[in-house]
Amino acid sequence: LTIGCYNTAEILQYTGNGTLLLRLPVQSATGYAMFAVPLSNQQFLYSDRSYLNLVSSSGQCTQLRTLRACYDIAVTSLGYYLVPDQMLNNVALFSPGLNYVHDLVSGKPAIFIALDEKAGRMFIADWTTITVFSLNN
C-alpha cells in the first residue's frame with residue numbers, strides 16, 4: 001500500500017499486514033498530497049493537488065504538469081495514467097512514459113476516477129454525480 005500524506009508531504013509504503021516499509025519525505029513539494037503511485041523504476045507519481053510530480057527514490061520532486069485540483073488517478077493495464085482535475089474539468093491521459101497525450105474528457109467536473117477495463121468503461125465522479133464513459137470509442 002502506497003500513500004501520499006496530506007499534511008506532511010511524505011510518501012509512505014506499507015506491507016499487507018501494516019508494517020511500514022518506507023517513509024520518504026518529498027522535497028520541494030507544496031504539501032497537501034493527494035496520491036502517490038509507485039513506478040517500476042523506484043520512482044513515484046505524486047500529486048500535491050496543484051502539480052503532477054515525479055518523485056525520485058531520494059525524495060527529489062520534479063513537476064510534470066500543472067493541475068488545479070487533482071485528487072485521484074487511475075492506471076490502465078497497459079500502463080497509461082488517467083488524471084482527473086476538478087477545477088480544469090477534465091481527465092488527462094498520460095503515456096506509460098508520463099508524457100501528456102490528450103484530454104479524454106473535458107468540460108465535465110472530475111474528482112474521482114475508476115476503470116472497468118474488461119467492460120470498457122470509465123467512471124468519473126464529482127461530489128454529487130457519477131458519469132460512465134465508454135473506453136471503446
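I began at Ile 73 in this predicted model, and, leaving aside its neighbours within four places in sequence, I found Ile 73 in contact with Phe 35, Val 37, Leu 45, Tyr 81, Leu 82, Val 83, Pro 84 and Ile 113.

I then looked up the core: Ile 73 is listed, together with Phe 35, Leu 45, Leu 52, Tyr 81 and Val 83, among the residues with the most contacts inside the largest nonpolar core, which has 15 residues. The elements that give two or more residues to this core are strand S4 (35-38), strand S6 (51-55), strand S9 (81-85) and strand S10 (90-94). I also noted a second, separate core of 10 residues, and its members include Ile 11, Ala 36, Val 55 and Cys 61. In soluble globular proteins, nonpolar side chains tend to be buried together.

Next I turned to the elements of the protein chain, where I counted 14 strands and 0 helices.

For the overall form, I compared the radius of gyration with the globule rule: a compact globule of 137 residues would have a value near 14 Å, and the 15 Å of the protein chain agrees with this. The C-alpha trace spans about 40 × 30 × 30 Å along its principal axes, and 43% of the 137 residues count as buried. Among the contacts with a separation of 6 or more, 27% come from residues 24 or more positions apart.

I noted 7 positive and 8 negative side chains, with the centres of the two sets 2 Å apart.

Conventions:
Residues are numbered from 1 along each chain as its sequence is written. This is a predicted model: local features need pLDDT of at least 70, side-chain atom pairs count only at pLDDT 80 or more; totals for chains, interfaces and linings use all residues. Side-chain values use heavy atoms; hydrogens and water are left out. A nonpolar core is a set of buried Ala, Val, Leu, Ile, Met, Phe, Trp, Tyr and Cys residues joined through side-chain atoms within 4.5 Å. Buried means under 20% relative accessible area, exposed over 50%, partly exposed in between (1.4 Å probe, protein chains only). Helices (H or I, at least four residues) and strands (E, at least two) are DSSP runs, numbered from the N terminus. Contact means heavy atoms within 4.5 Å. The radius of gyration is taken over C-alpha atoms; the globule rule is 2.2 Å times the number of residues to the power 0.38. Lys and Arg count as positive and Asp and Glu as negative; His and the chain ends are not counted. The place of a charge is taken as NZ of Lys, CZ of Arg, CG of Asp or CD of Glu.
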